[in-house]
Amino acid sequence: MVVGRKCRGRTKNGPCKTPAISGSGFCRWHDPELEAERKAASRRGGRMRQVTQGAILLKDIPDELTSIRALSRLVEAAVHGLWKDKIEPRKALALGTLAKHLRDLILDCELEERVARLETALEKTNEPL
Ligand SMILES: [Zn+2]
């Protein structure tokens, strides 16, 4: 694993701060080699949005589900939709499952970042003065 190397991609807020996948120079969101995979995932997401249009309030769901807080809003919207009979239980379950997968990925990324920071800090303390 390449220690402390950040993704070369850019977000709308500036340079991407996610640690790069080793050997790639990019994180999984920006790696050009994963483009096809991301597009397929995006199409699946687009279909999901169409299916649930009008069922859950889409304005309640953040565009980028890249934080636990954003996922909470998604799950909350699904729970409300289910409670008010505006979403099928099957869909609510699927959303819950996907939210859990996204949560795991987010936590994995955060852990990777923390380890990378610790490794960088450790390397600095081992440097001769
Ligand atoms: Zn990135």
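A: What follows starts with the chain as a whole and then turns to the helix pair and its loop. This is a predicted model, in which local features need pLDDT of at least 70 and side-chain atom pairs count only at pLDDT 80 or more, while totals for chains, interfaces and linings use all residues. Residues are numbered from 1 along each chain as its sequence is written.

The secondary structure comes to three helices and two strands, where helices (H or I, at least four residues) and strands (E, at least two) are DSSP runs numbered from the N terminus. Along the sequence they follow the pattern β-β-α-α-α. On confidence, the chain averages a pLDDT (the predictor's confidence in each residue, from 0 to 100) of 81, and 80% of the residues score at least 70. Confidence is highest in helix 3, at a mean of 91, and lowest in helix 1, at 69. Residues 50-55 stay under 50 in pLDDT, and the model has six contacts for them beyond four places in sequence.

Now to the pair itself. Helix 2 (residues 68-83) and helix 3 (residues 89-126) pack at an angle of about 170°, with their axes 10 Å apart. Here the axes are lines fitted to C-alpha atoms, for helices over the stretch in contact, and angles run from 0 to 180 degrees between N-to-C directions. The two helices are therefore roughly antiparallel to each other; angles under 35 degrees count as roughly parallel, over 145 as roughly antiparallel, 65 to 115 as roughly perpendicular and the rest as oblique.

Helix 2 brings Ile68, Leu71, Leu74, Val75, Ala78, Gly81 and Leu82 to the contact, and helix 3 brings Pro89, Ala92, Leu95, Gly96, Ala99, Leu102, Arg103 and Ile106. A contact here means two C-beta atoms, placed from the backbone, within 7 Å. The contact residues divide into twelve nonpolar, two polar and one charged.

Part of this region belongs to the largest nonpolar core, five residues in all: Ala77, Ala78, Ile87, Ala92 and Leu95. Such a core is a set of buried Ala, Val, Leu, Ile, Met, Phe, Trp, Tyr and Cys residues joined through C-beta atoms within 7 Å. Helix 2 and helix 3 are the elements that give two or more residues to it. Leaving out residues up to four places away in sequence, Ala92 touches Ala78, Gly81, Leu82 and Ile87.

Leu102, also in helix 3, counts as partly exposed because it has 17 C-beta neighbours inside 10 Å. The cut-offs are 20 or more other C-beta atoms within 10 Å for buried, 12 or fewer for exposed, and partly exposed in between. Beyond four places in sequence, Leu102 is in contact with Leu65 and Leu71.

Finally, Asp85 lies in the loop between helix 2 and helix 3. Its phi is near 55°, a positive value in a residue other than glycine. Most residues other than glycine have a negative phi. Asp85 is exposed, since 9 other C-beta atoms lie within 10 Å. For the chain as a whole, 12% of the 129 residues count as buried.

Conventions:
Ala, Val, Leu, Ile, Met, Phe, Trp, Tyr, Cys and Pro count as nonpolar, Asp, Glu, Lys and Arg as charged, and the others, Gly among them, as polar.
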